[in-house]
Protein chains: 2
Amino acid sequence: MDGERTKRLILETAVRLATIEGLDGLSIGKLSNATDVSKSGVYAHFDSKEDLQLATVDTARQLFIDVVVMPALDVHGLGRLSALCESFLSYVENRTLPGGCFFAAAAAELGGRPGPLKERVRANQSDWIRLLTEASEEAVRRGELRADTDVAVLVFELNALVVSANTGFVLHEDPAILSRARIAVARALAAAAPA
Amino acid sequence: MDGERTKRLILETAVRLATIEGLDGLSIGKLSNATDVSKSGVYAHFDSKEDLQLATVDTARQLFIDVVVMPALDVHGLGRLSALCESFLSYVENRTLPGGCFFAAAAAELGGRPGPLKERVRANQSDWIRLLTEASEEAVRRGELRADTDVAVLVFELNALVVSANTGFVLHEDPAILSRARIAVARALAAAAPA
DNA sequence: TCCTAATTAGTACGATCGTTCGTACTAACT
DNA sequence: AGTTAGTACGAACGATCGTACTAATTAGGA
């Protein structure tokens, strides 16, 4: 009953902390300080640090779905595709998380480190790519994008643009980067528009 | 001087290690193990861990210049622009470093962490962006790209594509990602070609 | 060849890491 | 009222962290 609220507090703090310290740099002690829960009180909710990290990824996934994915689901096809990109860029611009997109940071951190943690992050990244892919395919079916569109390349392009906007914005704190990203996204979509 | 050779060994190992453990996850103990130099032997070459990290960034910079930048400098304008992208992608594809591009990892890791280390990484990233920008501007002057090309957006696009290819390739170990990146780079350049 | 300086090894420190334990306190159910 | 489950606590563990010393080794110039 009450434990569930504490656990949520811990995990939400963990998500925020992990975007600046990294999923590995996140330590039980720092989490204890940031939440005013004792070190053992933090640890009591998880079997191991890896368990905590996995739970943190799941929490970040839910946040991502809430603020990026859901708002774009009430439109379809090309509209959804561009809405997904835009809500991602807003999610970065609004500083929803202090270190920018959780999964962008996690993917870069865990890239070369095999294990269940990398697998979970990769699964989430694949879901995101699949979401973009399905929206693109529907846009093609609807005739909003050219029939000969190379969907895999288009999705790669769009994802690259928004993720790179995240990294650049966090590193340089320059909002001009988000403008460039928006222009580039619009151009990528326009380039695939039917004649 | 034998010390200089040991120092180089340490730093080259540090660059390799940092691409998988992160610049912060890199510890003196692990470096000692990986180099068969005693812990204090490692530490003797640096004033502090931060000093070691800064020197590691500088070493990675030199590597990047050697394998990515230099090979592209004997062509000019559009040729140089596309050569820079291609040598970056090769540098990723050849697994020059086990965790992919050093600076892509470092930028993601240090994004939200102010300090001299972040500043040094940002400076290197800015140099890379400037290199792409100058090549683009020359391509415009030469008439190889349209006169109304938005260079800042084009450079943002190209950088996003190659960096995202790095992250994706390291995360998924799927060479198809590099193919998509090459197609996307070619298209971005083609889109800016004169009528 | 001896001296001196540069280079590496050895050892130890306080702090923090992940983890385990025993123990209170609280709320619910019997 | 007594038992049980849930919840959080403080203390302590071995290991490793960055860092600071001193001692041994090595190398180069006289």
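Guide: H1(A) gives the most to the surface near DNA strand D, with 4 residues. Helices here are DSSP runs (H or I, at least four residues; strands are E, at least two), numbered from the N terminus. This is a predicted model, in which local features need pLDDT of at least 70 and side-chain atom pairs count only at pLDDT 80 or more, while totals for chains, interfaces and linings use all residues. Residues are numbered from 1 along each chain as its sequence is written, and chains are lettered from A and ligands numbered from 1 in the order in which they are written.

A residue is near a strand if its C-beta atom, placed from the backbone, lies within 6 Å of it. DNA strand D is surrounded by 21 residues, and A:Gly3, A:Thr6, A:Ser40, A:Gly41 and B:Gly29 are the closest. Two or more residues each come from H1 and H3 of chain A and from helix H2 (28-35) and H3 of chain B. By class, this surface holds 5 nonpolar, 9 polar and 7 charged residues. Ala, Val, Leu, Ile, Met, Phe, Trp, Tyr, Cys and Pro count as nonpolar; Asp, Glu, Lys and Arg as charged; the others, Gly among them, as polar.

DNA strand C has 20 residues around it. A:Gly29, B:Gly3, B:Ser38, B:Ser40 and B:Gly41 come nearest. The elements with two or more residues there are helix H2 (28-35) and helix H3 (39-43) of chain A, plus helix H1 (3-25) and helix H3 (39-43) of chain B. The classes are 5 nonpolar, 9 polar and 6 charged.

How are the two chains related? Chain A can be laid on chain B by a turn of 180° and a shift of 0.0 Å along the axis, with an RMSD of 0.0 Å. The two copies are thus related as by a two-fold rotation axis. The superposition is by least squares on the C-alpha atoms of residues with pLDDT of at least 70 in both copies. In chain A, A:Ala160 comes closest to the rotation axis, with its C-alpha at 2.7 Å.

Next, the chains touch. 37 residues of chain A are in contact with 36 residues of chain B. Contact means C-beta atoms, placed from the backbone, within 7 Å of each other. On the side of chain A, helix H1 (2-25), H6, helix H7 (116-141), helix H8 (151-172) and helix H9 (176-191) each supply at least two residues. H8(A) gives the largest share, 13 residues. This side divides into 19 nonpolar, 12 polar and 6 charged residues. The same surface serves both copies, as 97% of the contact residues of chain A recur in chain B.

One residue shows the meeting of chains well. B:Gly22 sits in helix H1 of chain B. Leaving out residues up to four places away in sequence, B:Gly22 touches A:Gly22, A:Glu109, B:Ala105 and B:Glu109. B:Gly22 counts as buried because it has 23 C-beta neighbours inside 10 Å. The cut-offs are 20 or more other C-beta atoms within 10 Å for buried, 12 or fewer for exposed, and partly exposed in between, with C-beta atoms placed from the backbone.

H6(A) is mostly covered, with 9 of its 9 residues buried. It packs on H4(A): helix H4 (residues 49-69) and helix H6 (residues 102-110) of chain A lie at about 140°, axes 10 Å apart. Axes are lines fitted to C-alpha atoms, for helices over the stretch in contact, and angles run from 0 to 180 degrees between N-to-C directions. H4(A) and H6(A) are therefore oblique to each other. Angles under 35 degrees count as roughly parallel, over 145 as roughly antiparallel, 65 to 115 as roughly perpendicular, and the rest as oblique. A:Val57, A:Ala60 and A:Phe64 of H4(A) meet A:Phe102, A:Phe103 and A:Ala106 of H6(A). That contact has 6 nonpolar, no polar and no charged residues.

Finish with H7(A). Its axis and that of helix H5 (residues 78-93) of chain A come within 7 Å and cross at roughly 150°. H5(A) and H7(A) are therefore roughly antiparallel. A:Leu78, A:Arg80, A:Leu81 and A:Leu84 of H5(A) make the contact with A:Leu131, A:Leu132, A:Ala135, A:Ser136 and A:Ala139 of H7(A). The classes there are 7 nonpolar, 1 polar and 1 charged.

Technical notes: Two residues are in contact if their C-beta atoms, placed from the backbone, lie within 7 Å.
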